[in-house]
Amino acid sequence: MKHLRILVFSFFFSSIWGGCSSPPDKFGNLDLIKWRSDRGGCNDVRKGLENDLKQIQDKLLGKHIEEVGRMFGRPDINQLAGRDQKFYVYFLEKGPHCNDIAQKSNAQKLILRFNSVGLLSEITFQARPL
């Protein structure tokens, strides 16, 4: 019983401190600080990071939505779909969305699809409007 209490206690406090840690600076060669600083891709910083992103996309698959959110920051567009799927959209370049996020934009974007249990299941690059 004593071991169970220790296990529960350590799990509880590790989850509290683990959840409050700062987001990572890098993932592979992808500079996540630069990524997060370019909200909406409106400064064209993300476009320069696209090759680094493509190199790590296989390592991103299977990561939980919360972990991806911590790494990449709040998505530019968050969409819900059927069967409890979620889509995070991150613009990679400047477009009409920079002035009004409700505007349809042909700007290059990264689309992350999460399955019903919150795991990243698909990564797509797209230039046509959503």
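**View 1. Strand β5 is largely enclosed by the rest of the structure.** Buried means under 20% relative accessible area, exposed means over 50%, and partly exposed lies in between (1.4 Å probe, protein chains only). Helices (H or I, at least four residues) and strands (E, at least two) are DSSP runs, numbered from the N terminus. The model is predicted: local features need pLDDT of at least 70, side-chain atom pairs count only at pLDDT 80 or more, and totals for chains, interfaces and linings use all residues. Residues are numbered from 1 along each chain as its sequence is written, and side-chain values use heavy atoms, with hydrogens and water left out.

**View 2. β5 has a partner strand in β4 and another in β6.** Two strands pair if DSSP finds at least two bridges between them. Six bridges join β5 to strand β4 (residues 86-91), and the two run antiparallel. Across this pairing, K86 stands opposite F114, and Y90 has L110 as its bridge partner. Six bridges also join β5 to strand β6 (residues 120-126), again antiparallel. Here I111 is partnered by T124. The hairpin of β5 and β6 has five residues between the strands. In this hairpin, G118 takes a positive phi near 85 degrees.

**View 3. Four strands make an open sheet.** Their order is β3-β4-β5-β6, with antiparallel pairing. The edge strands are β3 (77-80) and β6, each pairing on one side only. Neighbouring strands are turned by 20 degrees against each other on average, direction ignored. Axes are lines fitted to C-alpha atoms, for helices over the stretch in contact; angles run from 0 to 180 degrees between N-to-C directions.

**View 4. Helix α4 packs on the sheet.** Helix α4 (residues 50-60) touches β5 and β6. Contact means heavy atoms within 4.5 Å. The direction of α4 makes about 160 degrees with that of β6. Which residues of α4 are buried? They are E50, L53, I56 and L60. Seen down the axis of α4, they fall within an arc of 130 degrees, so they line one face of the helix. The arc is that of the directions from the helix axis to the C-beta atoms. An α-helix has 3.6 residues a turn, so residues three or four places apart point the same way. On the other side of α4, N51, Q55 and D58 are exposed. G62 follows α4, with a positive phi near 90 degrees.

**View 5. Aromatic rings form a cluster.** Rings of Phe, Tyr and Trp (its six-membered ring) pair if their centres lie within 6.5 Å; planes under 30 degrees apart count as stacked, over 60 as edge-to-face and the rest as tilted. The count comes to five aromatic pairs. The rings of Y88 and Y90 have centres 6.4 Å apart and planes at 80 degrees, so this pair is edge-to-face. Both tyrosines, Y88 and Y90, are buried. Y88 and F114 are also edge-to-face, because their ring centres are 5.1 Å apart and their planes at 65 degrees. This pair links distant parts of the chain: Y88 sits in β4 and F114 in β5, 26 residues apart. F114 has a relative accessible area of 0%, and Y88 has 12% relative accessibility. Ring pairs link W35, F72, Y88, Y90 and F114 into the cluster.
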